[in-house]
Amino acid sequence: MRTDSNLSAILSVLAVLAGGALAQPANAQEYAATEPQVTYTAVTELATGTPLDTFAYGESPFQFAELWLPREATPESPVPVVAFVHGGCWLSSYDSKHTHALATALTQEGYAVWSIEYRRTGETGGGWPYSMLDIQAGLKALQSAAPGELDLSKVALAGHSAGGHLALLAAQETELDLRAVIGLAAITDMTAYGAGESGCEQAAAAFMGGKPDELPVEYMVASPSQHEAVDNTVLLYSDADSIVPVAQADALPKARKLIVPEAGHFDFVHPGTRAFAEFVRLLDEVLNDK
């Protein structure tokens with residue numbers, strides 16, 4: 001795992017060894033088109049590439065970002081960046097590995113990925129508000145340590161599910177000039193969500209340290225719906241998501257909303273689905289003006 005002081009130097013050495021082009025992991029994977037409603041297991045079983053490197057932004061072993069680069073990225077031709085926050089109900093049981101296929105596929109589309117791991121419920125320092133502060137620190141690290149292969153004038157911040165919740169909040173404070181903030185089945189109204197009884201809804205209460213009626217002020221602060229959406233906030237949801245209902249989209253009225261019919265919750269992080277294709281289309285629109 002690299003630190004701020006040596007990341008750029010190591011990347012430069014790699015570039016020299018590659019004859020001027022940054023050496024890349026083997027990310028060439030085929031992701032066949034698949035029917036909607038894929039399972040979490042189906043996502044984790046996908047073949048993936050590997051990140052080029054990891055960067056520590058804090059003292060905890062869970063405070064790091066994974067750097068993924070497309071093969072064509074060079075200092076002379078830097079590429080747009082997707083800063084990504086994975087979901088998993090804020091729980092320590094789910095880490096960034098289940099989004100490695102997403103990161104692999106995005107590099108194939110020509111995007112660098114800065115995938116932020118963070119402390120989650122069940123880990124020392126995890127929970128509200130520290131998980132969100134970790135995302136802010138991870139974004140600051142991108143700004144300070146980005147190698148020349150990344151075009152920081154073209155950055156989109158995206159997150160899935162609980163990661164979408166954290167991304168929407170972290171966007172309020174970052175100094176990055178974001179082209180867009182994208183929530184994939186993002187949780188926007190923590191008060192409504194934390195009052196539910198499903199597994200992820202109960203995990204929301206564990207993340208917050210109590211139910212909404214016990215911590216009304218904390219839930220208000222932790223809800224993106226209670227804050228002004230930053231410019232070019234876009235929300236992608238499905239009307240068939242059994243984990244995050246499409247009603248969560250309505251809690252952020254000033255955001256642009258796109259509905260992917262019939263998609264399941266994990267379709268958004270599976271490169272073979274229509275939902276993922278919509279995500280890539282949106283990135284092309286906001287980062288490459290397509």
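This is a predicted model: local features need pLDDT of at least 70, side-chain atom pairs count only at pLDDT 80 or more; totals for chains, interfaces and linings use all residues.

Biologist: Where does Ser161 lie, and is Ser161 buried or exposed?

Modeller: Ser161 lies in the loop between E5 and H5. Its phi is positive too, about 60°, and Ser161 is not a glycine. Ser161 is buried, with a relative accessible area of 2%. Glu262, by contrast, counts as exposed.

Biologist: And the peptide bonds? Is the one from Trp128 to Pro129 cis or trans?

Modeller: It is cis, with omega near 0°. Pro129 belongs to the loop between E4 and H4.

Biologist: Now charges. How many salt bridges are there?

Modeller: Side chains of opposite charge can pair when their charged atoms come close. The cut-off is 4 Å between a side-chain nitrogen of Lys or Arg and a carboxyl oxygen of Asp or Glu. By that rule the count is nine salt bridges.

Biologist: How far apart are the closest N and O atoms of Arg119 and Asp134?

Modeller: They are 2.8 Å apart, and the two residues form a salt bridge. The pair links distant parts of the chain, 15 residues apart. Arg119 is in the loop between strand E4 (112–116) and helix H4 (130–145), while Asp134 is in helix H4. Now check accessibility. Arg119 has a relative accessible area of 17%, so it is buried. Asp134 is at 2%, and it counts as buried as well.

Biologist: What does the pair Glu197 and Lys211 tie together?

Modeller: Take the distance first. Glu197 and Lys211 form a salt bridge, with the closest N and O atoms 3.8 Å apart. Glu197 lies in the loop between helix H6 (190–194) and helix H7 (199–208), and Lys211 in the loop between H7 and helix H8 (216–221), so the pair ties together parts 14 residues apart in sequence. Glu197 is exposed, at 56% relative accessibility. Lys211 is partly exposed, at 24%.

Biologist: Which residues are linked in a network of salt bridges?

Modeller: Arg256, Glu278, Arg281 and Glu285 are. Look at one pair in it. Arg281 and Glu285 form a salt bridge, their closest N and O atoms being 3.4 Å apart. They are four residues apart in helix H10 (residues 274–288), so about one helical turn separates them. Arg281 is partly exposed, with a relative accessible area of 34%. Glu285 is partly exposed too, at 27%.

Biologist: Next, covalent links. Which residues does the disulfide join?

Modeller: The count is one disulfide. Cys89 is joined to Cys200, with S to S at 2.2 Å.

Biologist: Is the disulfide left-handed or right-handed?

Modeller: Read the torsion about the S-S bond of Cys89 and Cys200. It is about -125°, so the disulfide is left-handed.

Biologist: Do E5 and E6 pair in the parallel or antiparallel sense, and over how many bridges?

Modeller: Strand E5 (residues 150–160) and E6 pair in the parallel sense, over six bridges. One of the contacts to inspect is Leu157, whose bridge partner in E6 is Val181. Between the two strands the chain passes through helix H5 (residues 162–170), and this β-α-β crossover is right-handed.

Biologist: What does E6 do with E7?

Modeller: E6 and strand E7 (residues 233–237) pair in the parallel sense too, over four bridges. Val181 turns up again here: its bridge partner in E7 is Thr233.

Methods. Residues are numbered from 1 along each chain as its sequence is written. Side-chain values use heavy atoms; hydrogens and water are left out. Buried means under 20% relative accessible area, exposed over 50%, partly exposed in between (1.4 Å probe, protein chains only). A disulfide is a pair of cysteine sulfur atoms within 2.5 Å. Two strands pair if DSSP finds at least two bridges between them. A crossover is right-handed if, with the strands pointing away from the viewer, the path from the first strand over the helix to the second runs clockwise.
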